[in-house]
Amino acid sequence: MIDQGLERRSAAVTEMPEELRHDVRLLGRLLGQVLAEQGGEDLLSDVERLRKAVIAARRGEVSADEITDLVAGWEIERAVAVARAFTCYFHLANLAEEHYRIRTLRERDAEGRVQRESLGQAVEELGHERVTELLDDLELHPVLTAHPTEARRRAVVTAIQRISGQLTEYNTPGRGASERADSRRRLLEEIDLLWRTAQLRSTKLDPLDEVRTAMAAFDETLFRMVPQVYRSLDAALDEHTGTHPPQARPFIRYGSWIGGDRDGNPNVTSRVTRETMQIQSEHVLTALETACTRIGRTLTASAALTPCSQQLRSALAAAVDAYPDVVSELATRSPREPHRQWLLFVAGRIGATRRRDLDLAYRSPAELLADLRLAQESLAASAPRQAYGELQHLIWQVETFGFHLAELEVRQHSQVHAAALEELRGGGDLSERTEEVLATIRVIAWIQERYGVRACSRYVVSFTRSADDVAAVYELARHALGDRAPVLDVVPLFESGQDLANSPGVLTGMLDIPEVQRRLADTGRRMEIMLGYSDSAKELGPAAATLRLYEAQEELTAWAAEHDVKLRMFHGRGGALGRGGGPANRAVLAQAPGSVAGRFKVTEQGEVIFARYGHIAIARRHLEQVANAVLMASSATVEERTAAAAERFRGLAEEVATASERAYRALTEAPGFPEWFALVSPLEEIGTLRLGSRPARRGLGAPRSLDDLRAIPWVFAWAQTRVNLPGWYGLGTGLAAVGDLDELRAAYTEWPLFNALLDNAEMSLAKTDRSIAERYLALGGRDDFAGQVLEEYDRTRDLVLRVTGHTRLLENRKVLSRAVQLRDPYVDALSHLQLRALRALRAGEVSEPERERNSTLLLLSVNGVAAGLQNTG
């Protein structure tokens, strides 16, 4: 095993592209210089000693006990500094890999070939006519959530972004020696600042902090990226894109739970939800005003060469009558440039909308679109490139984001609604919580009045057990506002295995609710439901949850066809594999036939938001891959092939699901397991990381059962122990229950769901380190639990390799394999530091100052391991 590990690491180093190797070495050298300057040569020496020791340990030249002694010999302050150094290194290594990925995407694009998993490839494979047909129903709906899975402070993220900018400058071809020297100096300056920036949050985030953090992704990436995706599709459909009306229509709709999700989070109040929408609107209106001003200023086409239409002349004349001071000033600055005058006037009206200047403001996005199209139609007659170029991008941006930016969704637990109704029906004094439920509904009505129904109408009900849980929301709305109740699309969320099994019956019951009947009539019989991946995986185990979710989708698709309902399934997928994560495009292709039908809605959260939307090139590639998968999954050929495979392997899937769930429950429901889990992992300490505004668990104190624990800390804590149990446990037993290796291999080859299940497990297994995991598991003093975990790991790893035909984990995914293998030794270093802190904290007999210092070391190591594994919850 040691020789194989060394061979894999050597291969990974050899396979590292030169550009990536250059950036990693450059950033590493600069970090070393900072460490020597700020902590002295002794600090750099200690970092190097630990780095060389963990690499040697993977060669079998140093024992784990020797590393334990090395780490234990440092003063706690030195251990903290070393942990900070390795954490900073991972931030820089991640940045170097991101830059390499961006360069690779650009190089592929420069080749001029249609890229794999792109919109162009979908058009090429499905045909122009079929894609055009699918466009009518195509909708991609990412929903940003504030689930606390981003371990980095916003200040750290910002520091990394500044380093990223300087690295781009440094690597720009054709720069002179003095320019490169200055870029290197600036790089060193920014890395120095990263080192000086506190890695841990000193205060807990409040919900509006989370809202503003998400707005950074919109400001820096989403707003500019969305029209690029539409343009990519239009170019694939029409080689003359930009010269006549586009064939592509906007199909991306962003949603958000940030500031609206109050399930288990008392910090999200009606006031917060109201302010969230105001913040969102401020950002999108600012972006639209800036874009319109930019286009207006550059549109210097003269009336002599580009005459305007009679309609535009009439509109300008009406504007002069209504707002003489505003328009006359524009005419003075831009004489004989009517299109420029008009667009700058429109920009002024967008600004007035942002300032709430009701005399000049637009009442709705539809009014703004009408004015923009007036300019577009006028330009189209004599300057079509001006009509369908940047101006079309602005139109697409208005159509996508409106004046609200993202559709704000509210979520609350069904039990909260039940308790509120009991109070209201009783007629006595109302509790603060019930008053808050009613206030939330009033805020939804206020948002709809100001920003339109589309801005906020979805109300997600967690733990929906019956149609009564849906009806409760409509009854509460009547209590809150009577006949003036807002338009509500109540979305049942099915999370547990039993709830998934009961979901068709719940939907049948919903058809009897008058408000649901009215919404079906108004929306063309459209209905939305949500499937919870996190809690089902925590309850059933990864393999059983994946297969039960697939079964539920099959049943729900059949139910929708039977009842003539256009059902959209909202996938509540986490970022980590143990919470339904993994490559989004492969997840789409693995859905049950007929369940996609051109529509895909999914949560994007925590570290996933920054990973996918931190850079415009990566964000565009991500959305193109998902859109490609939605189109492909909605084609008859793919649906028929998937349906045939699902039918053939249905019995095999049932065997795997039953046996894997039994094995998973035998461990997680055993007496004493929750207490053991809290001892072997930094579970308790993760709750003090201040990752978000939401509490880590339901209730107070140590978890008495897994039901008390949210899925995020469950997955996060297992990742820290290097076990990654939620991503694979039980799968080995499930595969062994089938026994027929040929049939398992056939399922892996032919069935996208089974292929994704095993590939995701393989990825999770690759991030598991057995030798480090053993040291964590030993902290709990339960050899029986530790033995079960390690035995299932060995079984799962062996069978996954045999079924996939791989000789080593991630053999067919070279880029990911290289990243994991190169990081492993450095993550080992942080794991040893974390183990030191855990042992001290679990010992119980330490002074309060010593406990605080060890807690700091532990939390820094948690932050670093999360950066190293690029995976939290």
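In this model, helix H11 passes helix H13 in a left-handed crossing, left-handed being the term for a near helix turned anticlockwise from the far one by less than a right angle. Before I go on, this is a predicted model, in which local features need pLDDT of at least 70 and side-chain atom pairs count only at pLDDT 80 or more, while totals for chains, interfaces and linings use all residues. Residues are numbered from 1 along each chain as its sequence is written, and side-chain values use heavy atoms, with hydrogens and water left out.

H11 covers residues 310–322 and H13 residues 338–355, and their axes come within 11 Å and cross at roughly 50°; the helices are DSSP runs of H or I, at least four residues long, numbered from the N terminus. The axes are lines fitted to C-alpha atoms over the stretch in contact, with angles from 0 to 180 degrees between N-to-C directions. H11 and H13 are therefore oblique to each other, since angles under 35 degrees count as roughly parallel, over 145 as roughly antiparallel, 65 to 115 as roughly perpendicular, and the rest as oblique.

On the H11 side, Leu312, Ala315, Leu316 and Ala319 meet Pro338, His339, Gln341, Trp342 and Phe345 of H13, contact meaning heavy atoms within 4.5 Å. These residues divide into 7 nonpolar, 2 polar and no charged.

Turning to the second pair, H32 (residues 731–738) and H36 (residues 783–804) pack at about 55°, with axes 7 Å apart, which makes H32 oblique to H36. Their crossing is left-handed. Here Leu731, Gly732, Thr733, Leu735 and Ala736 of H32 meet Glu792, Arg795, Thr796, Leu799 and Val800 of H36.

Terms used:
Helix = DSSP H or I, 4+ residues; strand = E, 2+ residues; numbered from the N terminus. Nonpolar A, V, L, I, M, F, W, Y, C, P; charged D, E, K, R; others polar.
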